[in-house]
Amino acid sequence: MVPWHIHAGPGAGMPCHPWNRAMTKKSLQTALIHTDYTPPAGFGAYPPAIHHASTVLFESVAALRSGQWKDKSAYTYGLHGTPTTFTLEARLAEIEGGTQCLLAPSGLAAISMIDFGLLKSGDGVLLPDNVYNPNRELGRWLSADFGIEARYYDPLIGAGIAELIAPNTRLVWTEAPGSVSMEVPDLRSICAAAHARGALVALDNTWSAGLALRGFDVGVDIVMTALTKYQSGGSDVLMGAVVTREQAVHDRIAMAHMRLGMGVSADDAYLVMRGLPTMKLRFEAHDASARKVAAWLQARPEIARVLHPAFPDCPGHEHWRRDFTGAGGLFSVIFDARYSEEQTDRFVDSLALFGLGYSWGGPNSLVVPYRMGTIRRDWQGKGTLVRFNIGLEETDDLIADIAQALGKL
Ligand SMILES: Cc1ncc(COP(=O)(O)O)c(C=O)c1O
């Protein structure tokens, strides 16, 4: 018999038990835990409800035994979803143009969930040389300890990737653009080559947030995003999402989601949902400001190269022009080789409005100097790379700050 108080909470169709109903007799200690009160049904508001739950109550033993965690047609345990997380998943799937979505506690967790869902010992995975470094590290770990062969490719390889796809290659990772060195891959050619050989293509679409690039439209099978960035928009949440269109691919990743215990908190899911309505406006503001700052930097003698996908001399710019509709706030510059690392570090330390820290998509501008030579075998002697995340401050203030810091070089 279901105790009717489990229906507590707003919801149409739920039995409503007003205060004047005869209260069940119980001791004080039990009354501290069980209540007879149910608020009236029919409450409506724009913000989705935040459902905190580890235990989820079933209506009957038959419902408990039905084991419907996989198709999300019922609730089974907080880890497998609540109305809060299901709502966020549905919204993200729609934004990316997919049909299924799984949440993970960080962008990196979402990446690992894809690998563990789709790869097994003996399989091969290809990753671009410019991939998000922890994804590269995960590839190394899969190779060293899990019998999975991870190999790395030139992000501008395009159709040439066909030659690297071996009979055991199951997954090709792409990142568009690489979020430090900014090469924009030819996703359409990579997808065509991978599909012709039976491999799936996963895209890290974090830079575009599902706004500037529609991953499924260019042919990828799995779109992963770090919601930590533009979706949350507040630099205060870590979360990742995996969106798919093929049920069979989703099901394999969902098994990894379940087996690895990839739960997210209801409060965090709420914060991400709170960010979604303003995301496009924020993204466009980041984009406009970043292009202005990048153009200003391009004209400076201290800067050898601006790596911004919307700028013609960015490697792979033609793919950005073909496939993207915007750019967001993230780009990099390479300092002229006459400046030592000590000098460029002084530049970074002299910035007042730019925080020195990783990530992007929040209101605050950020900057990170990268030792590219230690990450990329092809980067020797290219000059110091500094990555900018342009936040939502007044653009002219940011430019003035960069100008004064360049003066300290
Ligand atoms: C391109 C890219 N993908 C994935 C991630 C991982 O996101 P998270 O920090 O939520 O793990 C990041 C984080 O910086 C990133 O830059």
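**Ground rules.** I am working from a predicted model, in which local features need pLDDT of at least 70 and side-chain atom pairs count only at pLDDT 80 or more, while totals for chains, interfaces and linings use all residues. I number residues from 1 along each chain as its sequence is written, and side-chain values use heavy atoms, with hydrogens and water left out.

**H3 and H8.** I looked up helix H3 (residues 83–96) against helix H8 (residues 266–298), and their axes come within 9 Å and cross at roughly 35°. Here axes are lines fitted to C-alpha atoms, for helices over the stretch in contact, with angles running from 0 to 180 degrees between N-to-C directions; helices (H or I, at least four residues) and strands (E, at least two) are DSSP runs numbered from the N terminus. The crossing of H3 and H8 is left-handed, a term for a near helix turned anticlockwise from the far one by less than a right angle, with right-handed used if clockwise. On the H3 side I noted Leu-88, Arg-91, Leu-92 and Ile-95 among the contact residues, and on the H8 side Tyr-270, Val-272, Met-273 and Leu-276 are included, contact meaning heavy atoms within 4.5 Å. By class I find ten nonpolar, three polar and one charged residues in this contact, where Ala, Val, Leu, Ile, Met, Phe, Trp, Tyr, Cys and Pro count as nonpolar, Asp, Glu, Lys and Arg as charged, and the others, Gly among them, as polar.

How do H4 and H7 lie relative to each other? The axes of helix H4 (residues 107–118) and helix H7 (residues 247–260) come within 8 Å and cross at roughly 110°, which makes H4 roughly perpendicular to H7, a label that covers 65 to 115 degrees. H4 passes H7 in a right-handed crossing, and the contact residues include Met-113, Ile-114 and Phe-116 of H4 and Ile-253, Ala-256 and His-257 of H7.

I then turned to helix H5 (residues 133–145), whose axis comes within 10 Å of that of H4 and crosses it at roughly 35°; this crossing is right-handed. Leu-108, Ile-111, Ser-112, Asp-115 and Phe-116 in H4 meet Pro-134, Asn-135, Leu-138, Trp-141 and Leu-142 in H5.

**Ligand.** Of the 14 residues around the ligand, I recorded Gly-107, Leu-108, Asp-204, Thr-228 and Lys-229 as coming nearest, a residue being near if one of its heavy atoms lies within 4 Å. A ligand nitrogen atom is 2.6 Å from an N or O atom in the side chain of Asp-204. For Thr-228, an N or O atom of the side chain is 2.5 Å from an oxygen atom of the ligand, and for Lys-229 I read 2.5 Å between a side-chain N or O atom and a ligand oxygen atom.

**Backbone.** I found a cis peptide bond joining Ala-176 and Pro-177, with omega about -10°, and Pro-177 lies in the loop between strand S4 (169–175) and helix H6 (187–196). Lys-72, in the loop between helix H2 (61–65) and H3, has phi near 60°, a positive value in a residue other than glycine.

Terms used: Angles under 35 degrees count as roughly parallel, over 145 as roughly antiparallel, 65 to 115 as roughly perpendicular and the rest as oblique. A polar contact is a pair of N or O atoms within 3.5 Å; within protein, one must be able to donate a hydrogen and the other to accept it, and residues adjacent in sequence count only if both atoms are side-chain atoms.
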